[in-house]
Amino acid sequence: MSEIYLGCHVGMTAPDYYLGSVKEALSYGANTFMFYTGAPQNSVRKPLDQLKIEEGRALIKASGIDENKIVVHAPYIINGANSLKPDIKDLATQLIRLEIERTAGFGAKILVLHPGAHVGAGEEAGIASLVDCLNEVFETNASDVRVALETMAGKGSEIGRTFAEISQIIKGCKYPERLGVCLDTCHISDAGYDVNDIDGVLQEFDAIIGLERLLAIHINDSKNPRGARKDRHENLGYGCIGFDALNRFVHHPKLVGIPMILETPYVEDKPPYKQEIAMLRSSCFEDWRR
């Protein structure tokens with residue numbers, strides 16, 4: 001049976017930076033992980049040569065982790081869907097280009113990007129704005145890094161809530177080969193999809209987007225019921241989706257080989273990832289929070 005790639009979000013802080021990210025992932029029993037190349041809330045970035053990348057990559061190789069399965073997440077402040085403020089769109093273009101270059105500098109191949117929000121201009125305007133932004137980036141950036149558009153919960157004026165909207169972005173781009181998708185289980189549940197019907201969800205995804213474009217999956221439970229459009233993650237088995245449905249995602253034969261990343265909340269300021277990864281590997285829920 002092919003290997004299941006299961007990991008989580010990890011930090012990257014001084015003094016070990018990327019080496020510390022790899023060590024943190026390994027401490028949870030992960031064989032993949034996701035990280036930000038700097039703070040997710042701003043554009044401040046340390047030069048790559050200060051981040052102990054070679055040391056981190058050496059540990060990755062020694063640990064047998066497939067570097068192609070490592071995921072980078074772009075900062076939240078990027079909003080290429082904002083057609084009403086050209087300066088924000090221009091900043092988004094600059095930051096996406098920068099994050100692609102930085103992702104390549106770490107040896108990673110997948111950059112997850114939130115599609116953004118149309119801020120009142122409407123979905124069509126937001127999608128057109130993001131497509132224009134991506135076209136400008138790809139026209140001036142030749143790279144084997146692929147941008148994985150994340151499925152969103154639909155809060156506020158977010159675009160990318162439905163598979164159809166994600167597909168529209170990909171089809172509108174002049175460089176569709178540079179784009180893929182990151183599916184978030186909490187987000188699609190909050191957007192109205194029935195995560196318990198995994199075969200139905202995957203069939204719809206395949207028909208509208210194509211499963212070959214699925215580059216990463218965020219495995220999160222949800223604090224809110226299906227269709228709430230809230231986007232509040234919960235620990236596995238303690239939310240409205242439930243452990244069994246999420247476990248089926250991780251072990252589904254059509255999804256084997258895709259990196260699965262946990263973004264569940266800390267409990268009493270402690271990361272839950274070691275327990276949650278163990279539960280998913282054993283397919284057995286444990287009430288560890290009590």
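Author: Let us begin with a definition: a residue is called buried under 20% relative accessible area, exposed over 50%, and partly exposed in between. Please bear in mind that this is a predicted model.

Reader: Why is K109 called partly exposed?

Author: The relative accessibility of K109 is 25%. K109 is located in the loop between α3 (86–105) and β4 (110–113).

Reader: What does K109 touch, leaving aside residues up to four places away in sequence?

Author: With that exclusion, K109 touches N68, I70, T103, D144, V145 and R146. A contact requires heavy atoms within 4.5 Å. As for S143, its C-alpha atom is separated from that of K109 by 9.0 Å, although the two residues are 34 apart along the chain.

Reader: Why is D269 called exposed?

Author: D269 has a relative accessibility of 74%. The term exposed applies over 50%, so D269 counts as exposed. D269 belongs to the loop between β10 (260–262) and α9 (273–282).

Reader: What makes the phi of D269 worth noting?

Author: Most residues other than glycine have a negative phi. D269 is not a glycine, yet its phi is positive, at about 65 degrees. D231 likewise is not a glycine and has a positive phi of about 65 degrees; D231 sits in the loop between β8 (221–222) and β9 (233–234).

Reader: Which peptide bond is cis, and what is its omega?

Author: The bond from A14 to P15 is cis, with omega near 5 degrees. In general, most peptide bonds are trans. P15 lies in the loop between β1 (6–9) and α1 (17–27).

Reader: How do you know that the radius of gyration of the chain agrees with that of a compact globule?

Author: For 290 residues, a compact globule would have a radius of gyration near 19 Å; the chain has 18 Å, and therefore the two agree. The C-alpha trace spans about 50 × 45 × 35 Å along its principal axes. The chain contains nine helices and ten strands, and buried residues make up 56% of its 290 residues. Among contacts with a separation of 6 or more, 77% join residues 24 or more positions apart.

Reader: What makes a set of residues a nonpolar core, and which members of the largest one touch the most others?

Author: The members must be buried residues of the kinds Ala, Val, Leu, Ile, Met, Phe, Trp, Tyr and Cys, joined through side-chain atoms within 4.5 Å. The largest such core has 79 residues, of which Y18, F33, F35, L134, L149, I219 and L255 touch the most other members. Helix α4 (residues 123–139) gives the most to this core, with seven residues. A second, separate core of nine residues includes M34, I110, A148 and C182.

Reader: Which residues does F33 touch, not counting those up to four places away in sequence?

Author: On that count, F33 touches C8, V10, Y18, V22, A25, I60, I70, V71 and I261.

Reader: Which residues of helix α5 are buried, and what covers them?

Author: In α5 (residues 163–172), the buried residues are F163, E165, I166, S167, I169 and I170. Their cover includes α4, β5 (146–150), β6 (179–184), α6 (185–191) and α7 (198–208).

How values were computed
Residues numbered from 1 in each chain as written. Predicted model: local features only at pLDDT ≥ 70, side-chain atom pairs only at ≥ 80, totals over all residues. Heavy atoms only, no water. Helix = DSSP H or I, 4+ residues; strand = E, 2+ residues; numbered from the N terminus. Rg over C-alpha atoms; globule rule 2.2 N^0.38 Å. Buried < 20%, exposed > 50% of the residue type's maximum accessible area, 1.4 Å probe, protein only.
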